[in-house]
Amino acid sequence: MKKAIVVGSGAGGATAAKELQGEFEVTVLEAGNTFHPFTANLAAIERLKKTGLLFNERLIQAIFPAMRISKAANGMVLVKGEGFGGTTTLSAGNALRMDGDLKEIGIDLDAEFKEIYQEIPVSSNHEKSWHKTTRQSYEACRDMGLNPVVTPKMIDAAKCIGCGKCVLGCSRGAKWDSRRYLDEAALKGAHLIPNCHVQRIVIEKGRATGVIAGRGWRQRFYAADLVVLAAGGLGSPVILENSGIKCDENLFIDPVLCVAAKMEGCRQAGEIPMPFVAQREHFIISPYFDFLSFYFNRDWHYPAGNIYSLMIKLADTNTGGIHRKGVKKYLSDTDRQRLDEGTEICKQIFERLGVRKADTFMGTINAGHPGGMLPLTEKEAQSLHDTRLPRNLFVADATLFPHSLGNPPILTIIALAKRISKKCLEHC
Ligand SMILES: Cc1cc2nc3c(=O)[nH]c(=O)nc-3n(C[C@H](O)[C@H](O)[C@H](O)COP(=O)(O)OP(=O)(O)OC[C@H]3O[C@@H](n4cnc5c(N)ncnc54)[C@H](O)[C@@H]3O)c2cc1C
């Protein structure tokens, strides 16, 4: 049987592994290890915060290795998951279909979304677990004409205890993440190799013959008839660059900025994150307790249970890139204006909750939806394959998105990875 190497095991990689195993002998190479949810006592960490020892977001990795923090040249915090399941293990469980941009360039993913909704349980049945402040903020958004919509979740309501720790990994197994697809692939015979850091793709006479990857101190060549690159929006472009394939300076990251206020006893840190979403033209607004800001931003004061926070997630302009030396990403003036606009709306929501604008405080900008550096255009709508790549090398992650979604991308990445897997079967 022909061999396929899949690089990465997040939304895109796990999907490709599941779809291809059987037709190919699939080996998944994953830089991280087995995922474990964060189970340490949050109250103890809250106390640690008081000592002032938590000063750099990167420290989170020491206590929660699956969450990797890097910083852009200007210090902007970038969050991703490393380990089986990739960043899906850290997701808030939001399950939105966001393929409008792809449809516009001629990519119709209806069939793939139909499959997804048969495979991944999605429901909006969590309203009854909302705390009082969340109900009030929903009503405030509705009264302001922001059209809030209850967020569909890839969460099994029967198993969910509404602990609010989705982004720290679900310890109840209630939240769907891409390890479910990986397990299916493994059951059908796929090999999953952890701690395997792919450095480059070996290309000979216009064909990918395999990849070079490091495990510990050792380097190894993994031979392949097909390579599917799904190391994420920050991982895939670096591997391509190391392999002599230049990407576009088109990086988006979906920056998140939270506006927060002290609200006695609101307990948002212990309820489902992003319970509803208000869509604006260039950003969304949603209640979200930002653990990173709480632990590392000095304006966020202990205890967590008294803070209420509203997130602005921006669809940023595609400017910047990631290279061997790191990430170069700045927010444009337009991005900043849009964040200001979102901030003002959040402050107005707080006013309706009885909080003065002057009493709100800001979170630290952080971002976790990178992509865009090998964007699909109308030209590739049929092939889903950039001509810069050898015929038997496909990319299957958010690197292919033409623009930032400013919205949760997992389902759309999965749909695209499903379609790309079909192309792999047709052409390799
Ligand atoms: C805190 C947070 C919450 C989020 N919540 C949601 C949500 O609710 N809903 C939603 O739709 N989206 C959410 N997202 C975004 C979503 O999780 C990611 O956009 C999505 O998982 C990206 O999928 P991917 O396959 O492109 O990459 P990833 O899921 O990041 O997977 C990439 C994998 O490749 C591996 N890798 C990287 N480099 C290498 C290498 N050189 N060699 C081998 N392996 C490598 C990584 O370890 C990783 O496992 C959230 C993101 C964050 C940070």
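**Domains.** I looked up the domain division first: the chain consists of domain 1 (3–34 + 176–246 + 372–427) and domain 2 (42–81 + 124–169 + 251–367), with bounds from an automatic or database domain assignment. I note that this is a predicted model, in which local features need pLDDT of at least 70 and side-chain atom pairs count only at pLDDT 80 or more, while totals for chains, interfaces and linings use all residues. Residues are numbered from 1 along each chain as its sequence is written.

I took the domain centres over C-alpha atoms and found them separated by 30 Å. For contacts (C-beta atoms, placed from the backbone, within 7 Å), I recorded 15 residues of domain 1 against 21 residues of domain 2. I sorted the domain 1 side of this contact into 6 nonpolar, 8 polar and 1 charged residues. Here Ala, Val, Leu, Ile, Met, Phe, Trp, Tyr, Cys and Pro count as nonpolar, Asp, Glu, Lys and Arg as charged, and the others, Gly among them, as polar.

The ligand is surrounded by 41 residues, of which Gly8, Gly10, Gly86, Gly368 and Pro408 are the closest. Two or more shell residues come from each of α1 (11–20), β4 (77–81), β7 (197–204) and α11; helices (H or I, at least four residues) and strands (E, at least two) are DSSP runs, numbered from the N terminus. I counted 17 nonpolar, 20 polar and 4 charged residues in the shell. Because domain 1 and domain 2 both give residues to this shell, the ligand lies between them.

**Helix α1.** I checked burial next (buried: 20 or more other C-beta atoms within 10 Å of a residue's own; exposed: 12 or fewer; partly exposed: in between; C-beta atoms placed from the backbone). In α1, 10 of the 10 residues are buried, so this helix is largely enclosed by the rest of the structure. Its buried residues include Lys18 and Glu19. Among the elements covering them I noted β1 (3–7), β2 (25–29), α7 (179–187), β10 (226–229) and α11. Just after α1, Gly22 has a positive phi of about 110°.

**Nonpolar core.** I defined a core as buried Ala, Val, Leu, Ile, Met, Phe, Trp, Tyr and Cys residues joined through C-beta atoms within 7 Å. The largest core holds 130 residues, and those touching the most other members are Val6, Val7, Ala17, Val227, Val228, Leu229 and Ala396. Helix α11 (residues 410–427) supplies the largest share, 9 residues. Domain 1 and domain 2 each contribute at least three residues to this core. Leaving out residues up to four places away in sequence, I found Val7 touching Gly13, Leu29, Val198, Val211, Leu229, Ala230, Ala231 and Ile239.

Technical notes:
Two residues are in contact if their C-beta atoms, placed from the backbone, lie within 7 Å. A residue is near a molecule or strand if its C-beta atom, placed from the backbone, lies within 6 Å of it.
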